[in-house]
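Student: I have a new model open and would like to learn how to read it. Could you walk me through a few features?

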Amino acid sequence: DGTGRSATDMEEYRHTSLSVSELPGRSICSTDEVVSPTRDTTCEQAVCIAWSLSKSTKEDITPARLRALHREIQACSDMVGAVALEACATHGVLKIDSDHFTMVRMEDSAVRLGQLLCRWGAEQDPPCCLQIGVHAGLLRTLALPGVPGDGCFGEALNLARALAEHAPKDLCIHLLRSTKERLLVFEQLPFIIAPGVYSMPDPQSYYLDWWAEGPNMETRFQDSLRNHRKSQTWFDRTFAEQSGSGMMTQSLEGFTEWLQRYRVNTAEFGRGQAKRLEDFYKEVVEEKRSYLVEEDGCLRRKLELVRINLCATDAFGNERTLKIAMEIMDDGRTRRRNQKLATVVPEGCTWKEAVREDFLHKFQLSAEVQEETISVKDSWFKEERMISPSIPEIETTYLTHEVRMCVLNKQHKDLRAIGLPDMKNFTTTSPKTGKQSHWTWVAVGEASDDADQLSQLLLDHGINPSEFEPGAFNDLLEEVYETRISELVVSRGELLRHLQIIKVWLSTDILSVPHVLVTTAKLQKGRQLQKIKDRPISMRIALGQIWQDALRTALTQRLGLDPGSLAKVLVDMASYRSLEEIEYSCSYPGLKTVYRIHEVQCRCLNLQGIPDQDFAFSRDEGGQKVVTFYSWKTEKEVFGDKKRRTSNQDTPGVLDVQPDPKRRVPQPTVTAVPPVAHESASARSWLLEELMRGKKADWPRARNAARRIRDKDYTCGEFYQDCCAAFPELSLYLAGDQDDPSAMSSGRSGDDEYQRTIGALFAVYWLMRLDSDGAQSFAFGVDNDWVPLSKDSDVPKRTAMEMGQRTLFLEQVDWGLFEEVLRSAGILIAPQGGGATFHDEDRTLAMLALTAIHDIMKVTSLLPVVDESHGAFNNIKPGEVINDHDLALGYVLQFRPELLPSFAGLPKSQQESVAFTQCQMEFNMGWLVQAEAPPGVLFRKFKSLITKGKASPCDIAFYFTHWLTDLAGAVPCPMEGCEKFVLKFPQKVLMSFLSSFTFVQRLSSQSETAVFEDYLRWRWKTHEPSLGALPQGAGCIAKLRLVTMAPGHSERILKAFGELEAGDRKVLQAELAMTGCRDQTYVGDDGASAKGPAFLIYYAPALMQKNCGEDALGAMVVLADVFRQARALWPLSAERAEVTVTVRIDVLKELTIQELQNMQPGFFWALWRTSDAEGMVQKASLLDVTGSPRRSDGFHRVLGFGMHSMELPTPFQDPELGEEEEGWAAIPCLDVAAKQRPCGF
């Protein structure tokens, strides 16, 4: 086209450059060019809302999506009364029509319009990201030559554009303080404080998330939109005529109808600042604190108050005034006061009668005594009329009497009741409420009357303190002038109460599930406030206090945490944000409160001192007892579908420092590998011999380490030196090319594996010394002088998070379980008759030697080749390399033990125990702890070794001790302690591992199934909280295994199990009771089958743990369907009773049930049979690679995931498990899809 653009470029240009005429409802254009001085302009106050697509959305959006966006803009604009000032395809400006509505502020309409547009954008797939700016200001219009319509410019339009352009994030509404302060309906929404926009008139800006809502916001907005249109014809109902006195005797319902007769919109009561209608009824009808009169056909409210300045002269001739100094409330709390006498004038009374009655009730001064001893010197009267924010649509007349009274005869004996003649302080007690008041005679001018100042400040701004709740004025007086928790600020002629609040979301893991501590209720002033349900820990911040200090105070005062417990609470600094919210309080009608909220997330590493169940905490607050009720809830329960804000990185806590680097021990001398080692595989057969030639174990040093390992004066440094000198195999970890990634089969460096081995040796050393400094060193490590570290150590520097985790581990872990494993292994010995524990030196020496050599075959150049003379070894043929490092070590120990002097020099019995640990036992501890696998695949190899006499219970425990210490040293920084367990391993899982060891030892005398059943029953009995009696009969094993898979959701699982449809429950009962062992069934489950194969659903616990918190029933339905389709692919057979098929569900484990069922069109879930012993769940397309409909191949089954309403055929082919019905094997996938099942086929 002569512009250098290709046809494709031009097409893309047209996609994003649709003309105004193509967009629905857009006809007005705008310009920012210099206006002609010859044409007149108009000027108005307007609210503009500018919108723009984000850069990423502009690049990807289609013309169809753009048109859909503009249709949405038109529809939303029509609803709130907005017209277009500028309309381009990817950005535009709207103006709120000031004539459209009269009962909604334009700023409110603009904010709601912005939210509606952002919500539409967020609901698109992918999201249509909008940037919104709103500004209220001057807007000018100008008739432009040759252009239809007027052009617009000015502050409102320009700043709205700039705010949209500089929005802090997508899908939010960005505005300045000046616009926010003009909000009425939406002023209570939670606005987040954003950095100011450069060159803006106000450096403070705010943004509002698209999902944010306040109390009754949508209802109030829609009501306001409707009210301007509809007539209030319902006020014209006919009511029986009632006199004023008659009104005073009627019920709340009658009172409501009476108000409506005078066209009072009673629906406005209880909203915003307005009192509830029940409270207004109580004030007028029951307490008679105010009264209603009819004037010119309208209701008027009258509120009359008298303030009394009672004076007397002391012995020196100085005038004093009676004031209340302090009150003791009926609940025991005390309040300091400096307040004059005051009382309400009831309807039908004069102010003098009200004073006389007040003196009688307060001071027991009869009318005669008052007449004789007290006279009125001065009085004046003030009347004000205004619409009270607490009483909507009814004008209030405030009548205030200021009275000065003097004591004529202070010697009168009845005046002793008020401290005369000596002007003593005195106390009165209210017969109605029991409240005690302490009175004092104050010299005039002795103290400023804060109460008078506050009262006058409120009255000057149209707020009458007499309408406050009882005691509320004194509360406000105290927080403003005494505790200085809040301050009063005048902004734009309006009096505002400013408060700062700290909100703390405290989280922790309970049974490996993230939970958040929330406030559910609070008992204060004898009443329960339900409105605080599911809120974070919160506290007011004193003026001048920084939020970090307030955070510590809040955790201390609200939860009672001591300094030690505070050290275990980690602060996520990246989660901190500051918000500003506006609310109205029923306690202070007419006084608007601006809350500056500091919100932060913390993580509790140690629940010591905080119960892990619902609890209440009591505290004293100003002499008042406050009881707060707390509950731990899952993040889903608290935050719903809203994504919780979390930081993207580990963030130091408030007092964190930059941590020191992790420390290692020095490397040993690098062992040079002869060049021939790399020439051929056959050369491997002699390489280990060549490297170890002439090297011997230093047995005196080795035995010194084994003998003195528990001596208090034998340091970790001495132990380290002895091990390095004793075991020459330690140098093998550095054999070979350290720069070659393939030099180690683990993928780590040789130095890493050496450090891990030293770490495992240190773990043995520390676990052997749990009765002295072992536990402390295990948790914190040792310093550079080998002295055990502690939580108080200054060096090395560690973050607060890390120190909290280490302290938690030291204090919370059950160290006795570690000792029990060592005792079972015969390493530690506790005399039967009592006495001090000691250790077996030979057994200890064997463990040290095994630890030193156990990973040397990870050096790939050392892997042996099976010798011809030895025949096949574990199905590895002669001449082939043994690539498994455990098998490789086992081969050397069996056929060339002399090559490893640290093993060869051990006593024969200890050599056998070491060799046993290198057997292929095919044991997975996680399968046992989570009840993931049936007992056959779990224990068969272990049981076989025991049956053949190759292992004793002591050897099994020896194996587990080695496994435990090897894992404890897995982090290659041995001087830092056992960080794998301390910092990286869930404590509950570790404790479950340790507790499970003893059950495996029973294999020497029990069958695999009996051991597994005993273990499941033990888990049920030790479950906290108690689950009741053990289940019995058919289905009991299913319940035991399901509860063990997701122990944090046990009650939900058992409840949902009973709600399963009969078919699903029967599947789980049958399949989870399969043993995978010939001629073995569970004793307690009389419905178990002796056939096979059994199924190991790999990651079934992960699926259950992911979903049982929200949908336990759905999770079990999914599990049942996987079992059902697996059984169709692997039918029951007596010949396969010893077989276990592994079905992997990796793709399902991280998905919710809803996500599983909402499959995208054209795809389905299926279980594929990948071999005779393995299967896998995968997502598949309805079309094959050629584009043709996929047909059944006999190797996969469609998963419906519980869509039973679609009548899925039952696949069971065995009478023991269900009725024989038609399977799905012959049904094409296309036919399955045609049935339109909800799961997305």
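Student: How many disulfides does a search of the whole structure find?

Tutor: Happy to start there. This is a predicted model, and searching the whole structure turns up zero disulfides. A pair of cysteine sulfur atoms has to lie within 2.5 Å to count. Take Cys172: the nearest cysteine sulfur belongs to Cys118 and is 6.9 Å away, so Cys172 is in no disulfide.

Student: Is Cys172 buried or exposed?

Tutor: Cys172 is buried, with a relative accessible area of 0%. Cys973 is buried too, at 9%.

Student: How should I read a nonpolar core?

Tutor: In soluble globular proteins, nonpolar side chains tend to be buried together. Here the largest nonpolar core has 129 residues, and Phe719, Phe778 and Phe818 touch the most other members. Helix H21, spanning residues 750–767, gives the most to this core, with nine residues. Domain 4 (681–864 + 905–996) and domain 5 (1008–1199) each supply at least three residues to this core.

Student: Which residues does Phe778 touch?

Tutor: Leaving aside residues up to four places away in sequence, its contacts include Trp766, Phe809, Trp815, Cys978 and Phe981. There is also a second, separate core of 41 residues, with Leu1060, Leu1119, Val1141 and Trp1165 among them.

Student: And how do I use the confidence values?

Tutor: Where pLDDT is low, the predicted coordinates should not be read in detail. The chain averages a pLDDT of 79, and 81% of the residues score at least 70. Over residues 645–656, the pLDDT is below 50, and this stretch has 24 contacts in the model beyond near neighbours in sequence. Residues 1203–1241 also have a pLDDT below 50, with 86 such contacts.

Methods: Residues are numbered from 1 along each chain as its sequence is written. This is a predicted model: local features need pLDDT of at least 70, side-chain atom pairs count only at pLDDT 80 or more; totals for chains, interfaces and linings use all residues. Side-chain values use heavy atoms; hydrogens and water are left out. pLDDT is the predictor's confidence in each residue, from 0 to 100. Contact means heavy atoms within 4.5 Å. Buried means under 20% relative accessible area, exposed over 50%, partly exposed in between (1.4 Å probe, protein chains only). A nonpolar core is a set of buried Ala, Val, Leu, Ile, Met, Phe, Trp, Tyr and Cys residues joined through side-chain atoms within 4.5 Å. Helices (H or I, at least four residues) and strands (E, at least two) are DSSP runs, numbered from the N terminus. Domain bounds come from an automatic or database domain assignment.
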